[in-house]
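Subject: Structure handover

Dear colleague,

My notes on it follow.

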Amino acid sequence: MAKLIGYSRDYLLKNREVLFYEGVHYFSKENRLNWKVAKMIEWVENQTMSDQAKQILDMVS
């Protein structure tokens with residue numbers, strides 16, 4: 001996934017449950033993460049915004 005979207009593997013792993021959510025952006029299977037390509041491309045293209053991100057923007061604006 002890191003190679004496809006141009007972000008480092010470490011960035012993706014460090015931002016699990018911060019920017020990327022299990023069941024939305026990835027799922028775990030047998031000690032490995034499987035990324036949902038369509039959802040990650042949406043994230044890169046900023047087509048959707050998580051509820052957590054919306055709440056943060058509401059607090060600062």
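Accessible areas come from the Shrake-Rupley method with a 1.4 Å probe, and for residues only the protein chains shown count as cover.

Some ground rules before the rest. This is a predicted model, in which local features need pLDDT of at least 70 and side-chain atom pairs count only at pLDDT 80 or more, while totals for chains, interfaces and linings use all residues. Residues are numbered from 1 along each chain as its sequence is written, and side-chain values use heavy atoms, with hydrogens and water left out.

Overall layout

The protein has four helices and two strands, arranged along the sequence as α-α-β-β-α-α. Helices (H or I, at least four residues) and strands (E, at least two) are DSSP runs, numbered from the N terminus. The C-alpha atoms fill a box of roughly 40 × 20 × 20 Å along the principal axes. Of the 61 residues, 18% count as buried; buried means under 20% relative accessible area, exposed over 50%, and partly exposed in between (1.4 Å probe, protein chains only). Among contacts (heavy atoms within 4.5 Å) with a separation of 6 or more, 29% are between residues 24 or more positions apart.

The aromatic residues and the core

A search of the whole structure gives seven aromatic pairs. Rings of Phe, Tyr and Trp (its six-membered ring) pair if their centres lie within 6.5 Å; planes under 30 degrees apart count as stacked, over 60 as edge-to-face and the rest as tilted. One of the pairs is phenylalanine 20 with tryptophan 35: the ring centres are 5.8 Å apart and the planes stand at 90 degrees, so this pair is edge-to-face. Phenylalanine 20 sits in the loop between H2 and E1 and tryptophan 35 in strand E2 (residues 33–35), so the pair ties together parts 15 residues apart in sequence. Tryptophan 35 also pairs with tyrosine 26, with centres 5.3 Å apart and planes at 55 degrees, so that pair is tilted. Phenylalanine 20 is buried at 0% relative accessibility, tyrosine 26 at 3% and tryptophan 35 at 19%.

The largest nonpolar core has seven residues: Ile5, Leu12, Phe20, Tyr26, Trp35, Met40 and Trp43. A nonpolar core is a set of buried Ala, Val, Leu, Ile, Met, Phe, Trp, Tyr and Cys residues joined through side-chain atoms within 4.5 Å. Beyond its neighbours within four places in sequence, leucine 12 contacts Met1, Ala2, Ile5, Tyr7, Phe20, Trp35 and Met40.

Histidine 25 lies in the loop between helix H2 (9–14) and strand E1 (26–28) and is buried, at 9% relative accessibility. Residues up to four places away aside, histidine 25 touches Leu19, Phe20, Asn34, Trp35, Lys36, Lys39 and Met40.

The surface

Lysine 3, in helix H1 (residues 2–5), is exposed at 83% relative accessibility. Ile56, Leu57, Met59 and Val60 make a nonpolar surface patch of about 430 Å². Valine 60 is in helix H4 (residues 51–60) and is exposed, at 65% relative accessibility.

Regards

Technical notes:
Patches are made of residues with over 30% relative accessible area and no salt bridge: like charges are joined within 9 Å, nonpolar side chains (Val, Leu, Ile, Met, Phe, Trp, Tyr) within 5 Å. A salt bridge is a side-chain nitrogen of Lys or Arg within 4 Å of a carboxyl oxygen of Asp or Glu.
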